[in-house]
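Welcome to this short tour.

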Amino acid sequence: MTLEREFKKPRYYLHNGFRMPMGFPPEGFRSGISYQAQPSDIFIATYPKCGTTWTQYLVWLILNNGQPLSASQTISEVSPHLEEVGKETITKLTSPRIIKTHLPYNLTPYHLEASYIYIARNPFDCAVSFYHHTRGFIKHYDFANGTFDDFFECFITGEVDFGDYFDNLVLWYEHKDDDNVLFLTYEAMKSNLQKAIFKIATFLGSKYVETIKNEQVLNQIMTHSNFESMSKKQERWSSKRPENMPPFIRKGEVGDWKNYFSPEQTKRLRDKFKMRTLGTGLENLWLEV
Ligand code: A3P
């Protein structure tokens, strides 16, 4: 008889089989997916923990000539999470709306002229970041005592909120060359943020390229969006986490996964990555990670 270890699992609520954080109102999801996208909308579409907040702020800064959010504003007010708040809140935003979503491509509200910025991150660092996120938001997941080994089993089987990492990545990647989609990686943003800013501005329109050609504006965007300044701001941006939990903007590094993965877990996720990306063009995306 083999004794298999019991893994602790976070709690979620299911929306037609789709896992969502417990603290998110179910009506937000229903309403959010029925939002009618507008031509001027800018969607920041990601799988969780892949650089959503960073990109939301970059887009905000590009649209606002490098001016940071004021002390009374938060990123989730100016760029709400669609499937959390629902369509009424999104409709009240001034255009162009900056809309955060973790929905898979097929559930994301679509308009041919809307802009979709998709940020992908290697699954290893994503899993580690998602683990800390899940144990830290106790009211959403009830997983404060969960270990990385526990979370890894959920991640690799896709039993986490917002669905399977690979389902999300592969489907969005199929659209990477669409005119209304910009596909970027977290790792590329880390290695050359200025280049990523130019790509985003070019994608959003020539007037934003003019904006960032002003060196002072570009410097302001770079400064306000760097890890240190965003870390300082986060106290006001995300709900309070217990003292013993890492902050939401936590480490911001490529390769932190090596501090968490066992050789067996590394092999299992590498094998899964190979299997799920075979023939998609994604196979060689993170060779260096
Ligand atoms: P880590 O947990 O690895 O540190 P999301 O916003 O999608 O939830 O992603 C969160 C991840 O992005 C966290 O990763 C966080 O630290 C990282 N992040 C946030 N702002 C960043 C920045 N300005 N530069 C680099 N990484 C950033």
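Two strands pair if DSSP finds at least two bridges between them; helices (H or I, at least four residues) and strands (E, at least two) are DSSP runs, numbered from the N terminus. This is a predicted model, where local features need pLDDT of at least 70 and side-chain atom pairs count only at pLDDT 80 or more, while totals for chains, interfaces and linings use all residues. Residues are numbered from 1 along each chain as its sequence is written, and side-chain values use heavy atoms, with hydrogens and water left out.

**Stop one: the sheet**

Select strand β3, residues 42–46, together with β5: they run parallel and are joined by five bridges. Within this pairing, look for Phe 43, which stands opposite Tyr 116 of β5.

You have an open sheet of four strands in the order β4-β3-β5-β6, paired in parallel. Its edge strands, β4 and β6, each pair on one side only. On average, neighbouring strands here are turned by 20 degrees against each other, direction ignored.

**Stop two: helices on the sheet**

Select residues 52–63 to see helix α2, which lies across β3, β4 and β5 and runs at about 160 degrees to β3. Axes are lines fitted to C-alpha atoms, for helices over the stretch in contact (heavy atoms within 4.5 Å), and angles run from 0 to 180 degrees between N-to-C directions.

Next comes α9, which packs on the sheet and touches β3, β5 and β6. The direction of α9 makes about 135 degrees with that of β5.

**Stop three: aromatic rings**

How many aromatic pairs does the structure hold? There are 33, counting rings of Phe, Tyr and Trp (its six-membered ring) whose centres lie within 6.5 Å; planes under 30 degrees apart count as stacked, over 60 as edge-to-face and the rest as tilted.

Show Tyr 105 and Trp 172: their ring centres are 4.9 Å apart and their planes at 85 degrees, so this pair is edge-to-face. Tyr 105 is in the loop between β4 and β5 and Trp 172 in helix α9, so the pair ties together parts 67 residues apart in sequence.

Then select Tyr 118 and Phe 183, with centres 5.7 Å apart and planes at 20 degrees, so they are stacked. Tyr 118 belongs to β5 and Phe 183 to β6, 65 residues apart, and both are buried.

**Last stop: a charge over a ring**

Finish at Arg 121, whose charged end sits over the ring of Tyr 186, 3.9 Å from its centre; the criterion is NZ of Lys or CZ of Arg within 6 Å of the ring centre and within 35 degrees of the ring normal.

Note on methods. Buried < 20%, exposed > 50% of the residue type's maximum accessible area, 1.4 Å probe, protein only.
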